[in-house]
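Here is a friendly note to read alongside the model. Have a look at the structure first, then follow the points in order.

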Amino acid sequence: MDKSWMNKSRISREYFNGVQEFVTFASKQATDDGMILCPCVKCVNSTFLDIEVVRLHLESFGICKGYQPWDFHGESSFPMASSKVRNSQVQESSNEYGDIHEMLHELFPMQNTTSRPVEEGPSVRQHAQGPNEDAQRFYNLLKDAEQPLYEGSGHMKWHANGRTDDGLMRHPADSPAWKTFDSKYGEFSSEPRNVRLGLAADGFNPFGLMSVSHSTWPVILVPYNFPPWMCMKRSSFMLSLLIPGPSSPGNDIDVYLQPLVEELKELWDVGVETYDVSTKTIFQMHAAVMWTINDFPAYGDLSGWNTKGALACPFCNYDTHSSWLYNGGKYCFMGHRRFLDNNHKFRKDAVSFDGSREMRPAPVIPSGQDIIMQTEQVVDFSFGKNNKQKRKRGECAWKKRSIFFTLPYWEHHMLRHNLDVMHVEKNVTDNIMGTLLNVAKKTKDNLKARFDLQDMGIRSELHPEECGNDKWSMPHACFTMTTSEKYSFLEVLEGVRVPDGYASNVSRCVKLKERKIIGLKSHDNHILMQQLFPIAIRGCLPKKRYVTNGLKFRTKDSEEDKKTQNSGVSVITEGGMTYYGALTDIIELDYFDSFKYILFKCEWVDVLSGKGYKIDEFGFPLVNFKHLIHVGEKLIDEPYVLASEASQVFYVEDKRHKDWVVAVKTKARDIFDAGIGVLCDDEDDESNTYCENVPYNVIVDDTHGDANDHLDWARPEMARKPLRTRVVTLGSSSQQAPTHKKQAHHESLDVEEQLAVDATVSGAPLKRATRGRSKYVHIWNLAPGTKVELPLNHENQPRRFIIPEDPGTFLAVKEWTLQKLSKMWRDRKWRMKGRKFKKNGNPTHVVAAASPHVDKVDFATLVTYWYSKDGQDLSDKNKKSCSFQKETHTAGSKSYASHVEEMKEERGVNVPIERAELYEKFYTHKDGTPVNDNAAKNIVSII
């Protein structure tokens with residue numbers, strides 16, 4: 001009987017006629033009530049249906065491919081001989097995935113039960129209702145067997161043919177380790193269907209949360225040939241080993257891995273004959289393990305390196321930098337800065353780390369040959385729990401030679417073992433959460449850690465303080481949160497709701513009463529650390545404030561829940577007018593790390609009319625914030641003022657005057673002017689008078705007293721700062737920049753000692769401080785070239801240099817400063833253009849290659865002008881002008897007239913200055929030699 005119609009399209013005439021022939025043939029074996037088994041794709045011979053219904057099913061869903069012979073419909077079945085397949089070709093069948101029915105009949109020859117007469121009676125009706133439960137499960141298995149096992153066999157070559165090779169790391173095939181392996185083993189890599197495997201092993205407790213100590217270790221192989229969205233799916237995992245508990249295998253894991261390693265060696269050397277269903281060919285498939293993936297303890301078990309103790313880092317090997325913490329009883333590893341670039345700023349930052357500068361190069365990665373040589377002395381290692389020997393200090397750090405080194409290619413791998421990022425991230429998240437929330441036995445900030453800081457000589461503000469009776473107190477660290485801050489932090493996390501499948505219910509892990517988070521899964525820690533944590537912590541971070549002249553300023557919005565007021569601002573103009581306002585924002589302007597200016601954005605009261613400002617009959621100034629000059633929204637509005645020009649006031653509300661508040665000027669306490677003044681430790685002494693505050697400027701956090709660049713690790717209200725002095729020269733070209741040749745540090749001076757030092761070096765006697773701009777006025781009367789010590793603040797910046805009240809001097813200094821800044825800015829632009837600008841270049845590429853310290857918006861504006869027509873025309877004009885200049889003069893930026901006046905003063909007013917003299921002066925170097933040959937000829941000719 002012709003059955004070719006079974007492979008035809010269901011809408012073809014051949015298929016339609018074939019169904020009619022099948023129904024006619026099968027109706028001969030129908031039951032008494034006219035029912036037969038339906039062989040459609042949906043029923044798969046598992047359900048008895050009416051003959052007409054079977055015909056409709058076959059026309060609608062199609063017949064099961066491979067259903068030959070028709071055993072359930074009266075066609076006789078005989079065992080069929082197996083077809084032998086040669087290595088070079090495969091005998092194709094009508095079903096490319098194989099015939100499950102044919103396989104069953106080959107294994108279990110049987111008679112066709114449906115061809116037998118069906119007895120009448122109740123059993124007939126029961127049989128007609130369909131198979132029983134066990135038979136139905138068998139038929140369902142047959143139905144599943146008809147489905148393709150895997151449709152994407154072509155994805156095995158995705159790593160070679162399907163991925164985008166643009167230098168970005170999207171897949172392990174983009175890594176240097178993968179590419180190095182390919183270059184070493186070209187024959188293996190030439191066949192993209194050869195399998196690259198990753199081996200993952202870790203322990204888990206199969207009893208869940210039950211109080212049972214048990215550790216079962218699965219060993220899973222992951223194929224990396226697939227694209228990322230397939231290789232890490234559960235369907236791609238291959239459970240190769242399951243090491244039973246109840247304890248972890250430890251170093252003995254090599255015993256369990258030995259059968260697997262032997263198979264991996266065979267897969268590498270011999271391979272296995274494999275049928276490629278996508279190309280219908282047979283090829284010899286090989287496989288290689290690229291690396292292992294584990295947590296850190298399992299890393300030591302698989303690699304053989306002892307991941308505990310002073311040499312715990314297998315990457316640094318014997319070059320591991322560690323320090324023993326005597327109080328904490330553990331090792332501390334502080335050599336991580338060695339992996340930074342040689343010019344990285346952290347290398348020279350001793351304060352933020354362990355108190356030392358790190359200039360050593362990064363350690364050399366041990367090669368496979370190095371490891372083999374190092375493990376020569378442990379090749380006699382014996383497995384078993386009874387053969388454990390405690391290592392002595394100074395002995396080999398290797399516990400064994402890993403069984404993976406028996407693989408022919410293992411020693412040539414660039415990367416042999418990987419740390420599971422999810423494990424690391426979970427541990428980091430747990431430690432951060434435990435420390436921030438100060439969870440008992442979870443926090444890393446404990447008394448032992450503080451004693452270790454004291455022993456290391458760092459973070460002095462965090463050292464424990466003795467309270468007597470063997471009790472110690474711990475100063476609050478900068479990351480310590482109050483109870484209310486912990487509640488607000490946890491309340492944000494408790495209210496988080498994420499999309500389905502994105503993460504588990506994080507809110508159920510938040511315990512407000514206990515103020516902690518428990519039960520997070522590994523992926524939950526990732527979501528928490530990367531996305532939710534910054535959102536929750538931002539409300540608990542201290543608000544920004546600014547300290548200038550010893551006065552702390554804070555924005556108005558940050559004071560809503562505070563009992564203090566630091567947002568009041570006043571400014572006195574040159575005309576004597578005083579403006580009052582409230583601080584709304586603090587802005588730092590950073591000009592390429594060369595200049596930094598702080599701006600205050602304020603709401604300014606209208607003091608020009610009687611609506612916003614008045615003075616009552618007692619002489620108190622009153623302001624009304626209902627009437628402002630502007631709100632700073634328009635382009636012509638000027639809400640900004642330099643922080644250095646601002647004074648602090650606070651406002652007192654008087655309900656007897658609605659909407660009016662009294663402005664009161666403030667002055668700082670406990671901060672003193674270094675240089676002039678009298679100090680007395682006795683507060684009751686009437687001779688002790690208030691001294692002006694130290695004029696230092698710094699942006700700090702709400703609870704920090706230090707600068708941005710130097711984090712204060714404690715949370716005092718106001719911390720005492722060490723002061724320094726540095727020698728500078730006045731009245732000469734060195735006045736603009738401090739000299740580093742002579743430098744005196746006073747790192748640990750008390751305020752009283754520092755005052756004495758500053759007063760001594762300035763030449764002024766100790767006397768009572770005065771206010772205003774008269775401080776250091778004696779320096780202006782010194783002869784040019786006189787050297788004095790200029791006090792520096794804790795930021796290593798010169799304290800504010802007060803210009804005398806004389807208007808002429810003030811305007812002259814101001815004009816000179818503006819000219820100097822303008823010249824520096826022009827020189828900066830000229831240097832940047834010389835390095836970045838290319839006449840035929842792409843402006844977009846120039847902006848993209850800008851230094852990270854350059855503001856991209858401003859730099860883009862500058863580059864746009866360079867490449868514009870106006871910019872090009874100006875550049876060409878300047879070049880043309882320069883081409884006319886045959887000699888380069890040495891007159892500097894001064895005009896000829898200025899030089900003539902100076903020369904007249906030197907010789908006498910009535911002495912004339914000849915042009916030849918001017919030319920000779922302006923076109924010769926300091927040693928008298930001409931600037932070039934052309935200038936030399938001209939000088940000879942005019943003389």
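1. Let us start with residues 618-632, whose end C-alpha atoms lie 33 Å apart. This span is 0% helix and 20% strand, where helices (H or I, at least four residues) and strands (E, at least two) are DSSP runs numbered from the N terminus. An unreviewed UniProt entry annotates residues 618-632 as "domain: CRIB"; such annotations, given in the numbering used here and with shortened feature names, may be inferred rather than shown by experiment.

2. A word on the basis. Please keep in mind that this is a predicted model, in which local features need pLDDT of at least 70 and side-chain atom pairs count only at pLDDT 80 or more, while totals for chains, interfaces and linings use all residues. Residues are numbered from 1 along each chain as its sequence is written, and side-chain values use heavy atoms, leaving out hydrogens and water.

3. Another open sheet has five strands, ordered 5-4-3-8-11, and its pairing is mixed. Its edge strands are strand 5 (238-243) and strand 11 (417-419). Strand 8 (residues 287-294) pairs with strand 11 in the parallel sense over three bridges, and Asn 294 has Leu 419 in strand 11 as its bridge partner.

4. Which residues form one aromatic cluster? They are Trp 5, Tyr 15, Phe 22, Phe 25 and Trp 70. Rings of Phe, Tyr and Trp (its six-membered ring) pair if their centres lie within 6.5 Å, with planes under 30 degrees apart counted as stacked, over 60 as edge-to-face and the rest as tilted. The charged end of Lys 3 sits over the ring of Trp 70, 4.5 Å from its centre (NZ of Lys or CZ of Arg within 6 Å of the ring centre and within 35 degrees of the ring normal).

Conventions:
Two strands pair if DSSP finds at least two bridges between them.
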